[in-house]
Amino acid sequence: MATDSLPIALTLYRCGTLSFTQAATRAGQSPETFARVLDRFGVPCRGEQTDQSTFSEPTA
């Protein structure tokens with residue numbers, strides 16, 4: 001993977017082009033590691049790290 005994939009992923013996440021999961025994947029990072037990277041670079045998380053809709057119980 002290219003060495004500049006992390007800055008590109010950060011930029012695309014920051015401007016809303018990529019979701020958190022897409023950006024973490026593009027950066028070659030686990031979601032946990034990517035969240036720490038966002039914090040280190042002062043990029044706010046948009047609250048979508050865990051896709052709860054995928055894992056939540058259906059409501060009747």
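# Helix packing around H3

In this predicted model, helix H2 (residues 20-27) and helix H3 (residues 31-40) approach each other with their axes coming within 9 Å and crossing at roughly 95°. The protein chain as a whole has 4 helices and 0 strands, and from the N terminus on its elements run α-α-α-α.

**The contact of H2 with H3**

- On the H2 side the contact is made by Phe-20, Ala-23, Ala-24 and Ala-27, and on the H3 side by Pro-31, Phe-34, Ala-35 and Leu-38.
- Sorted by class, this contact of H2 with H3 comprises 8 nonpolar residues, with no polar and no charged residues.

**The contact of H1 with H3**

- Two packed helices are described by the angle between their axes together with the distance between the axes.
- For H1 and H3 the angle is about 75° and the axes lie 12 Å apart.
- The residues of the contact of H1 with H3 divide into 7 nonpolar, no polar and no charged.

**The two sides of H3**

- Phe-34, Val-37 and Leu-38 are the buried residues of H3, and, seen down the axis of the helix, they fall within an arc of 100°, so they line one face of H3.
- These buried residues of H3 pack against helix H1 (5-14) and against H2.
- The face of H3 turned away from its buried side carries the exposed residues Glu-32, Arg-36, Asp-39 and Arg-40.

**After H3: Gly-42 and Val-43**

- H3 is followed by Gly-42, a residue whose phi is positive, near 70°.
- Val-43 is found in the loop between H3 and helix H4 (52-55), and it counts as buried because its relative accessibility, 6%, lies under the 20% cut-off.
- Leaving aside neighbours within four places in sequence, Val-43 is in contact with Leu-10, Tyr-13, Arg-14 and Leu-38.
- Val-43 and Thr-11 are 32 residues apart in sequence, while their C-alpha atoms are 9.3 Å apart in space.

**Ser-5 in H1**

- Ser-5, which has its place in helix H1, is buried, with a relative accessible area of 11%.

**The chain as a whole**

- Of the 60 residues of the protein chain, 22% count as buried.
- The accessible surface of the protein chain comes to about 4300 Å², and 55% of this surface belongs to carbon and sulfur atoms.
- Among contacts in the protein chain between residues at least 6 apart in sequence, 56% join residues at least 24 apart.

Terms used
Residues are numbered from 1 along each chain as its sequence is written. This is a predicted model: local features need pLDDT of at least 70, side-chain atom pairs count only at pLDDT 80 or more; totals for chains, interfaces and linings use all residues. Side-chain values use heavy atoms; hydrogens and water are left out. Axes are lines fitted to C-alpha atoms, for helices over the stretch in contact, and angles run from 0 to 180 degrees between N-to-C directions. Contact means heavy atoms within 4.5 Å. Ala, Val, Leu, Ile, Met, Phe, Trp, Tyr, Cys and Pro count as nonpolar, Asp, Glu, Lys and Arg as charged, and the others, Gly among them, as polar. Buried means under 20% relative accessible area, exposed over 50%, partly exposed in between (1.4 Å probe, protein chains only). The arc is that of the directions from the helix axis to the C-beta atoms. Accessible areas come from the Shrake-Rupley method with a 1.4 Å probe; for residues, only the protein chains shown count as cover.
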